[in-house]
Amino acid sequence: RAVSFHEGRLVFASTTYEPQRMWFSRSADYINFAATNDNLEVTDAAAINLVVDSNTVNEVMWLSSRTTLLAGTSGGEWNITGSSIRDPITPTTASARNQSAHGSEYLEGLTLGMATLFLQRGGNTLRQIVYSDSLDQYEALDLTVFSNHILRNGGGAIDITYQRLPEPRIILPLATGEVAVMVYEPDQQVYAWSRYKIGGGGSVVSATTVRGSTSYDIYFVVERTNNSVFTRTVEYIQPEVYMDYYMQLTSTQLTNAIGQGWVQLASPYEEGDVVKAVIDGSVSDYIVDSQKRIYLDPLPASNQSIAYVGFNCPSILQSLPLNPQGTAGTSTGKPKRINRLGVKVKSSSGFKYGLASSTDLYLSPAPTLTAPFVPSQISGDVRCDLRADFDSESAYIITQDEPLPLSILSVMPEVTEYN
């Protein structure tokens, strides 16, 4: 069930009939699990056979090699050491010490820097286990404490992987087919959660990352059922293309589209689907007809060089209720009003904003259009005035409902407290 390397040994843990047992190979001899040497002597380099002792059956779910060996079980987290935390593990000194009692899901633990991340039993909580000098043991911190609805509302995580570049992200496919993503910057205390839906009725069932030339590419296994036909495909995230299950039109397809006025699509696009087309930065909506075609608006051929067609993926940022500290104390429960937002963006093409409690959205100052199609990208501070009433639960939303870039660096709300 679990495997790791630790202190020059290959370690296996948990079988069907011995779920709490761990087997360590001989030191620097990964395929040798002999408990004695040729002279039948038990030396420090001999193989080790260790059982995690507990009052209940605790299946070992994952192993993580740190200064010591950490083991996540179905009922708690354990520290496997020698006679002390700094001594090597030997057949005569190996011991398992319980550190916490959260319990782990049957998924791999991620070893990142000085921490190990694992999913708690049930898949609704992601924890970070780190060594605490004050406690003199490991403690498992809850990384979903401010966004516990992300995993819970998605039915729990069913897989986990890590993207190192261009940004450190933890990626967790959910039971509902959605994907939860956490930007992970522990040095800056950033644990920022978001959730993604896959277009075309797709459900993500697995995820992994593969190292590329300048970043780690994210790959998904996606299941879809269209017209009673089940498909399972491997798909990947393409940076700077802000739509889902897209197809990039070739120069030949563009040339043909200019002449015939339509583009032929394929599955999973079906009759009646609404898709987005981005042609040289110009965004348009189209409805797929019975022949899986979309009919393009007449466009000058000279401007048709880059074109994508796919499902739209609107993105929404919603704040928690704002409760700033004033001269008279906290504003929690008191009427207050958001007057404006100062939004710092980078290389973005505009957005909409408003109050979370309202359906009215306002368009941010639009970037200029370079003739005749392409919206320019803006970087810097954008002032967003709000027509808000006093409310005890003031929160805002910012959304990008077009397949165009939006990178928010910071949001600074200006809030007035009643009286």
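In the predicted model, strands E2 and E3 run antiparallel and are joined by 3 bridges. Within this pairing, Phe-12 stands opposite Trp-23 in E3. Strand E2, which covers residues 9-13, also pairs with strand E1 (residues 2-6); these two strands run antiparallel as well, and 5 bridges join them. Here Ser-4 is placed opposite Val-11 in E2. The hairpin formed by E1 and E2 has 2 residues between the strands, and Glu-7 in this hairpin takes a positive phi near 50 degrees. Of the 5 residues of strand E2, 4 are buried, so the strand is largely enclosed by the rest of the structure.

Phe-12 also contributes to a nonpolar surface patch of about 260 Å², together with Val-3 and Phe-33. Phe-33 lies in the loop between strand E3 (21-24) and strand E4 (48-51). With a relative accessible area of 35%, Phe-33 is partly exposed, because this class covers values between the 20% limit for buried residues and the 50% limit for exposed ones.

Strand E29 (residues 336-348) runs antiparallel to E36, and 9 bridges join the two. In this pairing, Val-343 stands opposite Val-411 in E36.

Terms used. Residues are numbered from 1 along each chain as its sequence is written. This is a predicted model: local features need pLDDT of at least 70, side-chain atom pairs count only at pLDDT 80 or more; totals for chains, interfaces and linings use all residues. Side-chain values use heavy atoms; hydrogens and water are left out. Patches are made of residues with over 30% relative accessible area and no salt bridge: like charges are joined within 9 Å, nonpolar side chains (Val, Leu, Ile, Met, Phe, Trp, Tyr) within 5 Å. Accessible areas come from the Shrake-Rupley method with a 1.4 Å probe; for residues, only the protein chains shown count as cover. A salt bridge is a side-chain nitrogen of Lys or Arg within 4 Å of a carboxyl oxygen of Asp or Glu. Buried means under 20% relative accessible area, exposed over 50%, partly exposed in between (1.4 Å probe, protein chains only). Two strands pair if DSSP finds at least two bridges between them.
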